[in-house]
Amino acid sequence: MRVIIVEDSVLLAEGLALLLNTEGHEVVATVGTAEEFHRAVAGHRPDIAVVDIRLPPTFRDEGVRAAIQVRRDHPGQPILVLSQYVEQTYATELLAGGGGGIGYLLKDRVARVSEFVDALERVAKGGTAMDPEVIAQLLVRRHAHPIDSLTPREREVLSLMAEGHSNTDIAASLVVTERAVHKHVGNIFAKLGLPPSDSGHRRVLAVLAYLSGV
Amino acid sequence: MVWRAVRATGRLVLDLLLVPLCVVALLVTVVTMVLSATYLGLVLLPFAIRLNRGVASLARRNAGAWLGERVTATYQPIRGGVLTRVRVATGDPQTWRDLGFLALHVVTGPLGAGLALGLWGALGWGLSIPLWWFAPLPEHAIHLPWALDSWARVAVTVPLFLGLVGAVGFRVVPLVAEGLFRLAKAILAPRHVRLAERVTEALDAHGQELRRIERDLHDGAQARLVSIAMRLGIAERVLADDPAKAAALITEARLSTEETMTELRDIIRGMYPPILADRGLPGAVAALAARSPVPVDVETAGVGRLPAAVEAAAYFVIAEALTNVARHSRASSAQVRVRRTGNRLEAEVTDDGRGGADEDGGSGLAGIRRRVSAFDGETTLTSPPGGPTTLRVELPCE
């Protein structure tokens, strides 16, 4: 894949580039500001952009804003946002534009290289990758909520589904058959009163929207 | 001006009503002090001092009502054994200030009220001048520079008299009230003591915070980094001879770095939450609300950016309050209102739970109070049994 890295810290940018090169991907540009990010997307049309949230000049949430802006100008451009901390507020904002190809992960996740590369490839293909911590934040829900009626296994499946994993992935990570996952998913949607949904990005959106009470 | 004089008179008369209480409290104190050569006296002394505190608090409330601000003092709590109680009660400088105030008030109370009542008496007397002329009274009863012997003279004299008395009296009475109540405040709630206490508390809290962060970094992140470095060092040495062992060590090192990152994130969150830096108080409070198990309605319109320290204080207070709501209140919903009026930031957290929140119940309310008072702010908690519970804090933000 052709990747651009938007990261102002040279140390992290080099690390990321090393990791991606090792995994056989090509880093076509490394930039450090929101404007350069814009230009790089327009110029290179990368398969995916990996973006840090904090960028100059204010080092706040420029990365989120820039990602939303870039997606407005280049609909469908896959973007993976990385951050030292995650806030479900930002996840909601990133997903609000609709369409697939969005990821939002803690920088820590980079350390699990194969999982990180999986997420990267999933997003590049138009899928979703939400950090488990975002989902954990969303799952701290009110008392007497339909989520309480889920079995522990169904909660696991729900979390993985919300993170953007496919039924195949979920089956693999829970060591069950795909059919079992399919059944759990059906139960979950019935218990939460959501219309049955196919796999993929739309399903993630439906679950996340439900969890954030939108 | 007239209304102010009326209010001043009311406050001064209330102050006058305190005089008998002052006398009683002083007498009781003197008697118990004399008795304190005996055991009985030692037992009674703290009670006498409590009585003083009670009377002083009434005076504070009256002064506060006139000055339009809270006049408060911090007392050392009187607890423990007989001797400890006596030591605390007599060792608290405010005890002696209270006593001084009570003694002073026995003099100033009647003076202030006398002056105020005198004003109204004089006005009444002035109004009665026509009667005096009209009624057959002994001539020497009216001491005026001129004789009141015609309606024309009465018509001039009465307005002149009322005008003079009013012009002077309506100004002087509020001034006297202001002076007396300011004096009361200076004695009963000395500013340097309040500030010194707050500075001490703030420094204490800050020091504890620094020590906690130091400990967390030292015992946590730093120790983990050392262990990571060691593992990587060993892996480097055994790589050629025992690649499997090296791989296991490297995996351990990676897991350890992940734990370190989580830990650092928690420490940073406890110091100054990143979302606060990114989005200011409104964004951070919205994120808190979204994370609360109890549905929270948030109103933060017009708050904007504030000094970082104030934002952090308000954030932690609201976070703590929402944690309490989730843990103790059994509420089904809560509201957070943050408003900025002039140079003050007001934050209010209300829930529809069962009420009866207890300051001493380890609910973090003491921490909230400490945090807020370090900023010279105010904390008010209302939580009647059955609810609703409202925690309100005010912080200066300029």
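Visitor: Which strand of chain B is joined to β4(B) by five bridges?

Guide: This is a predicted model. In chain B, β4(B) runs antiparallel to its partner, and B:T379 has B:V393 as its bridge partner. The strand joined to β4(B) by the five bridges covers residues 389–396 and is β5 of chain B.

Visitor: In what order do the five strands of the open sheet in chain B stand?

Guide: The edge strands of this sheet are β1 (296–299) and β4 (378–382) of chain B, each of which pairs on one side only. On average, neighbouring strands are turned by 10 degrees against each other, direction ignored. The pairing is mixed, and the order is β1-β2-β3-β5-β4.

Visitor: At about what angle to β3(B) does α10(B) run?

Guide: Helix α10(B) lies across β1, β2, β3 (344–351) and β5 of chain B. Its direction makes an angle with β3(B) of about 10 degrees.

Visitor: At about what angle to β4(B) does helix α11 of chain B run?

Guide: Helix α11 consists of residues 365–373 and lies across β4 and β5 of chain B.

Visitor: What is the order of the six strands in the open sheet of chain A?

Guide: The pairing in this sheet is parallel, and its order is β2-β1-β3-β4-β5-β6. β2 (26–31) and β6 (128–130) of chain A each have a single partner strand, so one side of each is left without a neighbour in the sheet. Neighbouring strands are turned against each other, direction ignored, by an average of 20 degrees.

Visitor: How many bridges join β5 of chain A to β6(A)?

Guide: Strand β5 of chain A, residues 102–106, runs parallel to β6(A). The bridge partner of A:I102 in β6(A) is A:T128. The number of bridges that join β5 of chain A to β6(A) is three.

Visitor: Which helix packs on the sheet and touches β4, β5 and β6 of chain A?

Guide: Helix α3(A) packs on the sheet by touching β1 (2–6), β3 and β4 (79–83) of chain A, and its direction makes about 175 degrees with that of β4(A). The helix that touches β4, β5 and β6 makes about 165 degrees with the direction of β5(A). This helix comprises residues 88–96 of chain A and is α4.

Visitor: What is the handedness of the crossover from β5(A) to β6(A)?

Guide: A:G103 has A:A129 as its bridge partner in β6(A). Between β5(A) and β6(A) the chain passes through helix α5, residues 113–124 of chain A, and this β-α-β crossover is left-handed.

Visitor: Which peptide bond is cis, with omega near 5 degrees?

Guide: Most peptide bonds are trans. A:P57 is placed in the loop between β3 (48–52) and α3 (62–73) of chain A. A:F59 is found in the loop between β3 and α3 as well, and its phi is positive, near 55 degrees. The cis bond runs from A:P56 to A:P57.

Visitor: How many residues of chain A are in contact with chain B?

Guide: The side of chain A that touches chain B divides into three nonpolar, five polar and six charged residues. On chain B, the contact involves 18 residues, and on chain A the number is 14.

Key: Residues are numbered from 1 along each chain as its sequence is written. Chains are lettered from A and ligands numbered from 1 in the order in which they are written. This is a predicted model: local features need pLDDT of at least 70, side-chain atom pairs count only at pLDDT 80 or more; totals for chains, interfaces and linings use all residues. Helices (H or I, at least four residues) and strands (E, at least two) are DSSP runs, numbered from the N terminus. Two strands pair if DSSP finds at least two bridges between them. Axes are lines fitted to C-alpha atoms, for helices over the stretch in contact, and angles run from 0 to 180 degrees between N-to-C directions. Two residues are in contact if their C-beta atoms, placed from the backbone, lie within 7 Å. A crossover is right-handed if, with the strands pointing away from the viewer, the path from the first strand over the helix to the second runs clockwise. Ala, Val, Leu, Ile, Met, Phe, Trp, Tyr, Cys and Pro count as nonpolar, Asp, Glu, Lys and Arg as charged, and the others, Gly among them, as polar.
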